[in-house]
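Please examine the sequence and the three-dimensional structure shown below before reading on. The report is meant to be read alongside them.

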Amino acid sequence: MSAAPDRPWRRVAAATGLLSADGQVRPTIFAEMSALANRTGALNLGQGFPDTDGPPQVARAAADAIMAGHNQYPPGAGIPALLGAVAAHQHRSYGLELDPDTQVLITTGATEAIAAAVLALVGPGDEVLTLEPFYDSYAAVIALAGAVHTTVPLVAGPGGFRLDEAALRAAVTDRTRLILLNSPHNPTGTVLTRDELASVAAVARTHDLLVLTDEVYEHLTYGAPHVPIATLPQMAERTLTVSSSGKSLSFTGWKIGWISGPADLITAVRTVKQFLTYVSGAPFQPAVADALVDPQVAAWVADLATSLARRRDLLCDGLERAGFTVVVPQGTYFVLADAAPLGYADGAELCRALPGLAGVVGVPAGAFTRAGSATGTALASWIRFTFVKQTPVLTEAVERLGRWADAGRTGETP
């Protein structure tokens, strides 16, 4: 059976940089780095998942749901309690009015929500515009839809990674159908300002574009307010908003996400989603529903953000002492650090060597860029590290990186 070049799986592999010159598919850089961490015993600051669980009362609610028999297929759109909790959360947090019956859909994590939306709303030849760097699944699902992936750069500077607004306007063509936004942004940690979002909104209105916005880190920001683009004038009617419980509640393996927006767009997404996973997470849905309306859980999430801000500072300070140039993130639980001052031009090469050199694993920022793009070139020497690990782990990691950097400066073996 031949594997023709235009098969969807090959498009996905090519779009994500996993297709080698001889036609073989490589594992993702995340799988490669995690395997390297396991093999070498290095501290894994590459893959972004917490090393502690979320609120115990939420875990107990899931366990109670299992024992109470919530183990069969839930309703296709999600259980009513969770649909209502998501709608209430959007109103309470941002003043957005949603009908839980027609304007909210529960998904298997944010990743499925984004995939179902892209597959529902664009097709071959359409262009989908994202920020660059970008979360790797965006490129994969755009390729799966047969659409064309275009990008606008986030540019590093004194104020962090900021949107190139002129490049945004220039990137839109008559084939652009969808802007896939991400703020708070993985991997840069940027939280788009209201002015930056207003520029995106103006482009969307001028060119009659839809906006799909990934806001999974909405509650993990550090002094920079998160503004949903759906709250801007005339944007609620053209915006689909995605979030999930995984990041805010530190239950990433539960994969309970949601998408909300205009009823006709949600109908389109649901039409595709029902033929992907159909449903999932039966006992987790009531637990998350309770969590979204529980003030004690809201306080736990606020404490998590405060703790992450301290851990961010610990890691950033340690990376700077080691000699990296660091852009301090305003949100998420990732930081980008430039290894060029340490004499490394290739971040991927350094990431593969770093477990042996320093006993620490990161992920090259190039994994979040398009091959050959200007942004990819600009970030070639940058590495993404996560600070969503316990403080002792981060303390040990920065000590290891410091010893390695000091040894390099003195010519000694760390």
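## Basis of the description

This is a predicted model, in which local features need pLDDT of at least 70 and side-chain atom pairs count only at pLDDT 80 or more, while totals for chains, interfaces and linings use all residues. Residues are numbered from 1 along each chain as its sequence is written, and side-chain values use heavy atoms, with hydrogens and water left out.

## Overall form

The protein contains 15 helices and 14 strands. Both kinds of element are DSSP runs numbered from the N terminus: helices are H or I runs of at least four residues, and strands are E runs of at least two. The radius of gyration is 21 Å, close to the 22 Å that the globule rule gives for 414 residues, so the protein is as compact as a globular protein of that length. Here the radius is taken over C-alpha atoms, and the globule rule is 2.2 Å times the number of residues to the power 0.38. Along the principal axes, the C-alpha atoms fill a box of roughly 65 × 50 × 50 Å.

Of the 414 residues, 55% count as buried. Buried means under 20% relative accessible area, exposed means over 50%, and partly exposed lies in between, with a 1.4 Å probe and protein chains only. The accessible surface comes to about 17,000 Å², of which 55% belongs to carbon and sulfur atoms; such areas come from the Shrake-Rupley method with a 1.4 Å probe, and for residues only the protein chains shown count as cover.

Contact means heavy atoms within 4.5 Å. Among contacts between residues at least 6 apart in sequence, 74% join residues at least 24 apart.

## Backbone

Most residues other than glycine have a negative phi, and most peptide bonds are trans. Which peptide bonds are described here as cis? One runs from Glu132 to Pro133, with omega near 5 degrees, and another joins Asn186 and Pro187, with omega of about 20 degrees. Pro133 lies in the loop between β3 (127-132) and α6 (136-144), whereas Pro187 is found in the loop between β6 (176-182) and α8 (194-206).

Asp208 has a positive phi, near 55 degrees, although this residue is not a glycine. Its loop runs between α8 and β7 (210-214). Ser250, also not a glycine, has a positive phi of about 60 degrees and is placed in the loop between α9 (246-249) and β9 (256-260).

## Nonpolar cores

In soluble globular proteins, nonpolar side chains tend to be buried together. A nonpolar core is a set of buried Ala, Val, Leu, Ile, Met, Phe, Trp, Tyr and Cys residues joined through side-chain atoms within 4.5 Å. The largest core has 71 residues, of which Val118, Leu212, Ile259, Leu319, Phe324 and Phe385 touch the most other members. Helix α12 (residues 295-322) gives the most to this core, with eight residues. A second, separate core of 28 residues includes Leu131, Leu197, Val200 and Leu209.

## Individual residues

| Residue | Relative accessible area | Class |
|---|---|---|
| Lys273 | 2% | buried |
| Phe134 | 3% | buried |
| Ser250 | 8% | buried |
| Asp164 | 28% | partly exposed |
| Asp208 | 59% | exposed |

Lys273 is placed in helix α10 (residues 263-273). Apart from neighbours within four places in sequence, Lys273 is in contact with residues including Gly76, Thr107, Glu112 and Tyr278.

Phe134 is found in the loop between β3 and α6. The C-alpha atoms of Phe134 and Arg194, 60 residues apart along the chain, are separated by 20 Å.

Asp164 lies in the loop between β5 (160-163) and α7 (165-171). With neighbours within four places in sequence left aside, Asp164 is in contact with Val152, Pro153 and Val155. Between the C-alpha atoms of Asp164 and Leu36, which are 128 residues apart along the chain, the separation is 36 Å.
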